[in-house]
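Biologist: Before I rely on the labels attached to this model, I would like to hear what stands behind each of them.

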Amino acid sequence: MPEGDTVWQAARRLHEALAGKVLTRSDFRVPKYATVDLAGRAVLNTIPRGKHLLTRFEDGLTLHTHLRMEGTWKVYDPGERWRGGPAHQIRAVLSTADRAAVGYRLQVLELLRTADEERVVGHLGPDLLGPDWDPERALANLLADPARPLGEALLDQRNLAGIGNIYKSELCFLLGVTPWLPVGALPADRAEKLPVLAKRLLEANRDRPVRQTTGVHRHDLFVYGRAPRPCLRCHTSVRVADQGDGSQERPTYWCPTCQPGPAPAPGSPQRWREKYPRRPRTP
């Protein structure tokens, strides 16, 4: 699932391509909206909300999309070949006189009244890259369930919106604790630093084509995608295991030396060989 900075970049691409222009064509390739035609409507803007995208049109209509694991929006010039995947993976096309925005593999796509946007994003916590960001509220949300493992709490978009598996692992490393540490056991000084650090990481990366948390040119990330290679700080072998209820694979990386504390429960599926190669973000 994409991180908040990836969604922020997608929103910017869509906004720059479509905002203030009139649609010459719309094509929604999902049964529910197959007959909907938005041609002739002006696009007002596209904004990110956590990991959700909201594209607003005149007359109070909004297109809500979510990229989930494999979705992406691509923008093309007239006559340019569409390269985001095979045609059967296209879920939406929004065209103006000079640009075409094509949504591939979108797992969530729905049209709703702009006045009803809270129905799909109202449950989200403070957005790390949004105007509603509130570090105190985000921390209070995280601490509301003190027994919950920190990694799971960070992924819960109701607590704070925008963190995915990569930032979850990197944040826990930078805080010096394992993702399995109960939130309530996080030392007070590190808990206070967590929301500020999370925001700093996402803001630093929202304009970068390749995500980086280390500040070192040769190594982009501290632990995510590095198992079983050596930790950049102590040279212990980085480990990886799935975290969560098992409904989805949640690869979680950590250094057992730099991040002392609880480890996965005995019998949990642990990946001592790299199973989850890190891929660059899709521009």
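The dialogue below takes up the labels one by one.

Modeller: This is a predicted model, in which local features need pLDDT of at least 70 and side-chain atom pairs count only at pLDDT 80 or more, while totals for chains, interfaces and linings use all residues. Residues are numbered from 1 along each chain as its sequence is written, and side-chain values use heavy atoms, with hydrogens and water left out.

Biologist: Why is Val-22 called partly exposed?

Modeller: Buried means under 20% relative accessible area and exposed means over 50%, with partly exposed in between (1.4 Å probe, protein chains only). Val-22 has 43% relative accessibility, and therefore counts as partly exposed. Val-22 is found in the loop between α1 (4-18) and β1 (25-28), where helices (H or I, at least four residues) and strands (E, at least two) are DSSP runs, numbered from the N terminus.

Biologist: What does Val-22 touch, not counting residues up to four places away in sequence?

Modeller: With contact taken as heavy atoms within 4.5 Å, Val-22 touches Gly-40, Arg-41, Ala-42, Ser-95 and Thr-96. Of these, Ser-95 is 73 residues away from Val-22 in sequence, and the C-alpha to C-alpha distance is 8.5 Å.

Biologist: What makes β2 and β8 edge strands?

Modeller: The open sheet of 4 strands has the order β2-β3-β4-β8, with antiparallel pairing, and β2 (43-49) and β8 (108-113) are its edge strands, each pairing on one side only. Within the sheet, 6 bridges join β3 (residues 52-57) to β4 (residues 61-66), and Phe-57 is partnered there by Leu-61.

Biologist: Why is α5 called largely enclosed?

Modeller: In α5 (residues 165-175), 10 of the 11 residues are buried, so the helix is largely enclosed by the rest of the structure. Among the buried residues are Lys-168 and Glu-170, and what covers the buried residues of α5 includes α1, α4 (150-155), α6 (188-205) and β10 (251-254).

Biologist: How many cavities of 30 Å³ or more does a search of the whole structure find, and what lines the largest cavity?

Modeller: The search finds 1 cavity of 30 Å³ or more, a cavity being a set of points, on a 1 Å grid over the protein atoms alone, where a 1.4 Å probe fits but cannot get out. The largest cavity has a volume of about 40 Å³, counted as the space filled by probe spheres set on the points, which are joined across faces, edges and corners. Its lining residues, which have an atom within 4 Å of a point, are Gly-4, Trp-8, Pro-48, Gly-50, Asp-127, Leu-129, Gly-162 and Leu-202.

Terms used: On a 1 Å grid over the protein atoms alone, a cavity is a set of points where a 1.4 Å probe fits but cannot get out, and a pocket is an open set with protein on both sides within 12 Å along at least five of seven lines; lining residues have an atom within 4 Å of a point. Two strands pair if DSSP finds at least two bridges between them.
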